[in-house]
Amino acid sequence: MISTIHSMGINGIEAFQVNIESDISQGMPACDVVGLPDTSVKEAKNRVRSAIKSCGFTFPLARITINLAPADVRKIGSTYDLPILLSILMSSGQLPAIPENSVFVGEISLSGNIVPINGVLPMTIQAKQLGFVNIFVPAKNAAEAASIEGINVYPVNNVRELADYIKGELEIKRKELTIIKKKPKETLLDFSQVKGQYDVKRALEIAAAGNHNVLLIGSPGSGKSMLAKRLPSILPEMTFDEIIETTKIHSISGIIDNEYPLITERPYRAPHHTISSAGLSGGGSVPTPGEISLAHNGILFLDELLEFSRSSLETLRQPLEEGKITISRVKGSLTYPCSIMLIAAMNPCPCGYYGHPTKACTCSAGTISRYLRKISGPLLDRMDLHIEVPPVDFESLSSKIEPESSSEIRKRVNKAREIQIERYKNSSVKCNAHLPSHLVSEACSATDEAKKMLKIAFDSMKLSARGYDKILKIARTIADLDGSKEVAAAHIAEAIQYRSLDRKYWNRF
Ligand SMILES: Nc1ncnc2c1ncn2[C@@H]1O[C@H](COP(=O)(O)OP(=O)(O)O)[C@@H](O)[C@H]1O
Ligand SMILES: [Mg+2]
């Protein structure tokens, strides 16, 4: 008898249906898994054999063929343990027929316990879309799966329990719909702790409001890391679609918190500069999303930017532009989304004091030029706001006046983001930074005075088309913070300031 069990596999961040069939026929005892299984899937038969015995069933002494369909897609991971086991028990008559409307996913331990797996969220979404009524998942993944409405999620702890349920001898309670709850903040990082630095804070507020990339340049101790670490506290609220998209990536990476299965705060990823290209952008022998994708809809912070290897920085160029990264494999390619806000911090020169108001820089012009050239022109071009962080002055540092708190700043950021969501509601654009160039002139309509100022800047700064668009987009965000429908001259003037540092540092030599 051949019996089929439905399951799910993962490709990129999407799930696809996999049907598992097993055929038991007379012959020399053997067990073959066919249908492009990876080594990790082939190992399933050993786990399944032990689990079947541990749970009081018998592993058929016959010729068993297990087929994973569709046969042309590579199957990776331990997700298929549970459906393979059920299929063998059903084919050998040890379990009654299993309803066609159900999906089973889960890894099995040798003793028959059902172990959590990665990617349950996209699997549940896909199962629902394909019209399945029930999904059986490892108990520890149930909260994650149950965040999707419209499909019954059954948590299972071990094979014995599931077998009794299928035989109708035991009830398994459906997991109730997960209520979105916010994880309490672990850190108490707040902009009120940063004294002075009003210009930098203003620039970061603009960045957060329009999702613009930022490059912070300043001498050691000027507070670059301190400021960047506080940026998550002023980011706009995530929309439900953003929550699901980001959680999908964290789900396939296996870094979901059971208690707070949905990612409700924009991610903040700050990898160390020793990270490999694959770690940063994704890939590896078993492909996994990189830091840039884990930061999807949030922040990727690269502190000490020039310490990162040039090759890993260069791999960021295209994904930054496209909001997704494609990893080519021998068997097809994978795409992970990575719509992020990049924050980078660096010293202006090797000794760190070039441009410092009081300390003398000991670097030669040649050394500085070589140092700055580590960041390529195209990557520099992708940094929307260039912000110089001066050392904090004594008056600000010793002042008793409490600076504005993050929650105050965040209110303005949220308001500006709402204006953008409303403006772009009929398109796939969510924020000013991601405005495609063909929409820039329409979305950023400017007053005559503003247009004049932009023309002067275009000529005198010898702007590229990309530079021109960037200034308009930043000015649009400043206008949104201002609650202004049109981009005015003052908005353009402020936006231009954030595009002039590359001239000071990079074109000087
Ligand atoms: N504006 C500021 N207000 C309060 N403390 C500051 C400020 N700037 C710097 N500091 C102090 O100096 C320390 C060093 O700052 P840091 O962010 O590490 O500098 P950088 O990354 O630019 O080298 C911070 O941890 C903080 O204690
Ligand atoms: Mg630092």
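How many positive and how many negative side chains does the chain have, and how far apart do the centres of the two sets lie? In this predicted model, the chain carries 60 positive and 55 negative side chains, with 4 Å between the centres of the two sets.

**Overall form**

The chain comprises 509 residues, and 52% of them count as buried. Its secondary structure consists of 22 helices and 18 strands. Along the principal axes, the C-alpha atoms occupy a box of roughly 85 × 45 × 45 Å. Among the contacts with a separation of 6 or more, 73% come from residues 24 or more positions apart.

**Domains**

Two domains are assigned: domain 1 covers 2-166 and domain 2 covers 191-398. Their C-alpha centres are 40 Å apart. Where the two domains meet, 19 residues of domain 1 are in contact with 18 residues of domain 2. The area buried between domain 1 and domain 2 is about 1500 Å², and carbon and sulfur atoms give 70% of it.

**Local backbone features**

Most residues other than glycine have a negative phi, and most peptide bonds are trans. Against this background, the peptide bond that joins Ala 69 and Pro 70 is cis, with omega at about 5 degrees. Pro 70 itself belongs to the loop between strand E4 (63-69) and H3.

| Residue | Phi | Loop |
|---|---|---|
| Asn 211 | about 65 degrees | between H7 and strand E10 (214-218) |

Are these two residues buried or exposed? Gln 197 has a relative accessibility of 10% and therefore counts as buried. Asn 211 also counts as buried, because its relative accessibility is 11%.

**An exposed loop residue**

Ala 97 is located in the loop that runs between helix H3 (81-91) and strand E5 (102-104). Its relative accessibility is 65%, so Ala 97 counts as exposed, the cut-off for that class being over 50%. Ser 87 is 10 residues away from Ala 97 along the chain, and the C-alpha atoms of the two residues are separated by 9.5 Å.

Note on methods
Residues numbered from 1 in each chain as written. Chains lettered and ligands numbered in written order. Predicted model: local features only at pLDDT ≥ 70, side-chain atom pairs only at ≥ 80, totals over all residues. Heavy atoms only, no water. Helix = DSSP H or I, 4+ residues; strand = E, 2+ residues; numbered from the N terminus. Buried < 20%, exposed > 50% of the residue type's maximum accessible area, 1.4 Å probe, protein only. Contact = heavy atoms within 4.5 Å. Lys, Arg positive; Asp, Glu negative; His and termini not counted. Charge placed at Lys NZ, Arg CZ, Asp CG, Glu CD. Domains from an automatic or database assignment. Buried area = accessible area lost by both parts, 1.4 Å probe.
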